[in-house]
Amino acid sequence: MTIGLMVFILVLLTGIQAFMPYLVRATDVFGIYVPEPYHQQKFLSRLKKNYSGFVLVGGLVAAVFYALAVNFLNVQEGQAVIWGVGLQLGLVAFSMALYFKNHLKVKKEKQEQGWVLGKKEKVIVDLQFRNDLEMVSGIAFLLPMLITIGLIALTLTVYSQLPEQIPVHWGADGEADRFSDKTIFSSISMLLILLIMQGLFYFINQARKTSGSKIRATQKVQSRKRELASRKYGSWLLFVTSVAVTLLLGSLQLSLIYPELGSSLWVMAMTIGFTILVLAVTAFYTIKVAKFSASPATGGSDPDIIDADSDRYWKAGLFYINKEDPSIMVEKRFGIGWTVNLGNPKSWMILFLPLAAILIIAFLTQ
């Protein structure tokens, strides 16, 4: 089952990575803003097709090779998981190498052809936009946090009955393989990490609500629908992920309190269920937003008017740094979802404080 899950994840990751150029905005080509009608050039179409072809073939070959290797070589389950994760990381590294290569090609072509020279940049401000948002309420994100606080209270109540060794890591077979001496801190450390993650999901959702809309000057209606869809389904993706991780880590904590619930089969089932659920919701989000990405331009637009060219704020097309933009988060130019505005000090707090807190807790429970 674990090997099948590894193959499934690799194939799904291959599909998402391969078709990424077609999932983002049509005017975002390998992290470079390309105004209409230039983004329809054969040169750019060829780059997208070549990228998709190389990643698709590479990922599928890797999946077949992995499935055959672990079966014919009788690889142990733990080792098979390591191989599977290694191939997934290798696929991401390969696709990113192709991305950077194409990023530089598009950047050079844009400069040589002068796609934005002599054009008038236009920014659309929609005062009604936030009123039309259909995102998950912040109150809903607080509910999993209440469950975690309840589990912390329960753990402390039965602290004297807990085993002297607290499991802090589980292997691919669902068995605990690393332990920590029992202390009040170690008994609730996993729940503290969960609480931090839940808080992070809450603040990301709130940051998306207040971030400025990026509505295209040449395609107002369609791009507005895309912005609303991205925030709506992205909010649901965050919420479902928060619930899923709460169920996963919460069940592990309950197995500590009630050992009869902590069979290895149950741990494996919860882990696999969590993975499949998050991947399915991610795919759903991608499909919902992608249908607004590559739509044709509306007629009658002024060819001398383009959207604001913000390439100077995007480093390598991946990292957004704009001190003048109050938005904490912005939608990625290449990839699924959103990224932080590294030019806004608040984004550093959202990005690094939770990560630092999780690493400190993990270190202290070693």
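A cavity is a set of points, on a 1 Å grid over the protein atoms alone, where a 1.4 Å probe fits but cannot get out, and lining residues have an atom within 4 Å of a point. Grid points are joined across faces, edges and corners, and a volume is the space filled by probe spheres set on the points. About 110 Å³ of space lies in the largest cavity.

The model is predicted: local features need pLDDT of at least 70, side-chain atom pairs count only at pLDDT 80 or more, and totals for chains, interfaces and linings use all residues. Residues are numbered from 1 along each chain as its sequence is written, and side-chain values use heavy atoms, with hydrogens and water left out.

**Overall form**

- The protein chain has nine helices and ten strands, taken as DSSP runs numbered from the N terminus (helices: H or I, at least four residues; strands: E, at least two).
- Its C-alpha trace spans about 75 × 50 × 30 Å along the principal axes.

**Helix packing**

- Axes here are lines fitted to C-alpha atoms, for helices over the stretch in contact, and angles run from 0 to 180 degrees between N-to-C directions.
- Helix α3 (residues 42-72) packs against helix α4 (residues 77-113) at about 170°, with the axes 11 Å apart.
- That angle makes α3 roughly antiparallel to α4 (under 35 degrees is roughly parallel, over 145 roughly antiparallel, 65 to 115 roughly perpendicular, the rest oblique).
- Helix α6 (residues 184-210) and helix α9 (residues 345-364) have axes that come within 10 Å and cross at roughly 170°, and are therefore roughly antiparallel.
- Residues meeting between α6 and α9 include F185 and L192 in α6, and I350 and P354 in α9, where contact means heavy atoms within 4.5 Å.
- The contact of α6 with α9 has 13 nonpolar residues, one polar and no charged (Ala, Val, Leu, Ile, Met, Phe, Trp, Tyr, Cys and Pro are nonpolar; Asp, Glu, Lys and Arg are charged; the others, Gly among them, are polar).
- α6 also packs with helix α7 (residues 220-257), at about 175° with the axes 10 Å apart, which makes α6 roughly antiparallel to α7.
- The contact of α6 with α7 divides into eleven nonpolar, nine polar and three charged residues.

- The largest cavity is lined by 15 residues, and L23, R226, V289, E331 and G335 are the closest to its centre.
- Helix α8 (residues 264-290) gives the most to this lining, with four residues.
- The lining of the largest cavity has six nonpolar, three polar and six charged residues.

Note on methods:
On a 1 Å grid over the protein atoms alone, a cavity is a set of points where a 1.4 Å probe fits but cannot get out, and a pocket is an open set with protein on both sides within 12 Å along at least five of seven lines; lining residues have an atom within 4 Å of a point.
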